[in-house]
Amino acid sequence: TCDFTGPQALCDLCLAQVCCSLDALCSVRADGSMSLIWAPLFPQEMADQLLQKMTTKGILNDTTVGIFRNCKELRLRRASIRSSPVSAEAFRLALCPHRLLELDASWVSGGLTGADIISGLASNPECRLSLQRLSLSGLRLDWESLEEDGGVRVGFSSLQGLRMLNVANTDVNDAVLEDICTLPHLETLDISCSAISKLTALLKCNSTLRFLIAHKLQQLDMSPARLLFVFNQLHALRHLDFSDDHFAVDDSDGRVGDETVRQLLEGSPEVLPSLVSLDISGRKRISEAAIGAFVQSRSGLVFLGLLATGVSSCDVLSSKKNLKITGEADENQVCEALRRYRDQECFIREALVHLYNLTTDADKPQPDMLKLVVSAMQSHPTSLHVHLVATACVFNLTTQDLAEAMSVSLLSSTIAQLLYAMKTFPNHHQVQKNCLLALCSDYILQDVPFDKYLAATLVINWLSSHEDPTLQRMAVAVISILVAKVKTLLTHCALASCRKIQLLAIVQQKAMVGVVDSTLKFALSALWNLTDEMPAAARNFIECQGLELYEEVLESYYSEPSIQQKVLGLLNNIAEVEELQADLMEEDLLEHILSLLQDSQVEVGVRYFAGGILAHLSSRAEAWTLEGELRTTILEQLHDSIMTWTQLEREMVSYRSFHPFCPLLQPCQPSGVQLWAVWAIHLVCSQNTSHYSSMLEMEGLTELLKALTAHPDTHSDVKGLSDRILCMVEQYQSHSGAFKSQTEPRNS
């Protein structure tokens, strides 16, 4: 799970660092397990937190759990190995020697059984008395394998200190329940989704049992009268969960339980007089009259579970302000269901469906509701049903401007969960659609931190096998923004080679019929960003016959500057790569680009990119393979054309770095080449002075510009523009320096 509230505590950050550094901090024993090379005496609570952190990060296993064999420095009391791959031997060596108060071993993989845990804990005399809370949900008990100790079978009854026991979703049976109910201090028992057929054994702990969770006991074989008799004898019982799975196919399933609930509701308040909480969600054939009578006769009732019963909108409930209810009558009931039923998939699915209907026209941000949806997805990572509805709820709760009013950490966690859903259910059209709808937000894509490389890869993979026009437009829009955000060389190269042919196919499909729409524009933008300062991506583009396609697009979309700008922008990226410049040495192509440069009727943005291509190609006389006269014309026209350009107000282009400009700013270059480079630098610096001034300094461009202005052969037009850039940088630095000196504390 993730922290949605804000910055992590220092302790959490330190423990996370320990988890990341285990290899460096540990030596390895002969059996392959880890041992800390040096360990201070940990505060006891911190040892518990370290184990919990290793569990939630998914790094706890037979190797890493070995560090807890050191019981003197790392003293465990409240241990969680939930869902971790830990074997019986590793458990025995690492955890059983500790004087545990609590152990959560739910859903542990690695072959560890309930019998292994019981016998291991019982082997420690201190644990027999100290252990108070034990959760074995989702494990195979393997009860028959438990051996006798001194003529007495080792069982739950060996752990005499137990107050809470969770054996839900296990193979616990009537014989095991008999053993459990001999525990002298048992207060809380969860036997949900088990094979138990009789509850008579509960009479043995009738004076101590306060919480009984008995959800979905499908093999229960007792008459309603007998069940009510047992419940009535549980004198200390305050919470009873007798809910059922409402998705049961056979309508006769649970009929005995339903009848028991009906009789309990309509019966005397002297039955279970201490009851303050009753959960009967999923039970059928319950009347509003029975609910009303029960609530009116129980003034101390604080919780009532009524989800999927059809009676949660009962009139009498609305007057009980202090009574918490799970149901579907309003948002409060649905959210209460999401909070209480986190581990029960059938109810989570039901609650999410109602939440989706309630939030379809959401007009105010509801971050607490979004947290509940994300938690539901995290609790059921493999459930298609949960993710199908939850992803739709996420879209409802983050659409339009709703996301902007929520914390960035919550949105980061939400997007991470959406990406998990896309990765886990790659072939489910609706899940992918829901995730795309939620992702297709400028605010989320631009301002929320998440794994943008993973997101772009997942969306590109999806795009390769789907042709729905609406979703295709969204997918391409998402890709066009994400690829501009992926900045590291390694990941960008990997992404660039990933199914780029599909983006080209979209361009080709649109160009064949002369369509100008957002899908075409987004696809062109994505390809442009993919090849930005990425030679491998540019080469891949050429190998996919992208050049031939783009030449056709240039000609067929002559009157569409927005299209031409994106096409020329990509060709500009190719022209920056020396080893790929030969692929652009086509006379027809360069003459067409030159005509764009010269045409005063063409927008400056188009002429700018046309000039960039020609400047890069003509800057290397030794690599020029066409007629020399064409190069001379290009260089002359570059200078003359640029001098007619007006300053652009809108931001048209951004640069990851100024490295491609360095060869163009050398004193030996023709003035037209130099002039295009300084015009480009002046353009972006004037539009985002703080960002690009720093980049100029860091990458040494200011020194190149100074050298250019000082050189006697530099054209006056180039000098003038270079001086303006240097002046702009100097003014910004002096201003920011003055601001810094004003804000820094003075010496006292």
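Reader: Which helix gives the most to the lining of the second largest pocket?

Author: H26 does, with seven residues. Bear in mind that this is a predicted model, where local features need pLDDT of at least 70, side-chain atom pairs count only at pLDDT 80 or more, and totals for chains, interfaces and linings use all residues. Residues are numbered from 1 along each chain as its sequence is written, and side-chain values use heavy atoms, with hydrogens and water left out.

Reader: What makes something a pocket, and a residue part of its lining?

Author: It's done on a 1 Å grid over the protein atoms alone: a pocket is an open set of points with protein on both sides within 12 Å along at least five of seven lines, whereas a cavity is a set of points where a 1.4 Å probe fits but cannot get out. Lining residues have an atom within 4 Å of a point. The second largest pocket holds about 990 Å³ of space, where a volume is the space filled by probe spheres set on the points, and grid points are joined across faces, edges and corners. It is lined by 34 residues, and the closest to its centre are Ala484, Asn529, Val653, Ser654 and Tyr655. Helix H20 (469-485), helix H23 (518-530), helix H26 (561-575) and helix H31 (689-698) are the elements that give two or more residues to that lining.

Reader: How is that lining split by class?

Author: There are 12 nonpolar, 12 polar and 10 charged residues. Nonpolar here takes in Ala, Val, Leu, Ile, Met, Phe, Trp, Tyr, Cys and Pro; charged is Asp, Glu, Lys and Arg; the others, Gly among them, are polar.

Reader: Why is H26 called largely enclosed?

Author: Because 13 of its 15 residues are buried. Buried means under 20% relative accessible area, exposed means over 50%, and partly exposed is in between (1.4 Å probe, protein chains only).

Reader: Why is Ala351 called buried?

Author: Its relative accessible area is 0%, so it is buried. Setting aside neighbours within four places in sequence, Ala351 is in contact (heavy atoms within 4.5 Å) with Leu307, Val334, Ala337 and Leu338.

Reader: And His380: buried or exposed?

Author: Buried, because its relative accessible area is 9%. His380 sits in the loop between H14 and H15. Beyond four places in sequence, His380 touches residues including Arg342, Asp343 and Ile348.

Reader: What does the side chain of Gln432 reach?

Author: The backbone oxygen of Met422, at 2.9 Å. Gln432 is in helix H17 (residues 429-439), and at 2% relative accessibility Gln432 counts as buried.

Reader: Why is Gln598 called partly exposed?

Author: Because its relative accessible area is 37%. Gln598 is found in helix H27 (residues 587-598). Not counting residues up to four places away, Gln598 touches Arg607 and Gln637.

Reader: What makes Ser207 exposed?

Author: Its relative accessible area is 58%, so Ser207 is exposed. The Ser207 and Ala236 C-alpha atoms are separated by 5.6 Å, with the two residues 29 residues apart along the chain.

Reader: What is the phi of Lys216?

Author: Positive, about 55°, although Lys216 is not a glycine. Most residues other than glycine have a negative phi. Lys216 counts as partly exposed because its relative accessibility is 23%. Ala308 has a positive phi too, of about 60°, but Ala308 is buried, with a relative accessible area of 16%.

Methods: Helix = DSSP H or I, 4+ residues; strand = E, 2+ residues; numbered from the N terminus. Polar contact = N/O pair within 3.5 Å; in protein donor to acceptor, adjacent residues only side chain to side chain.
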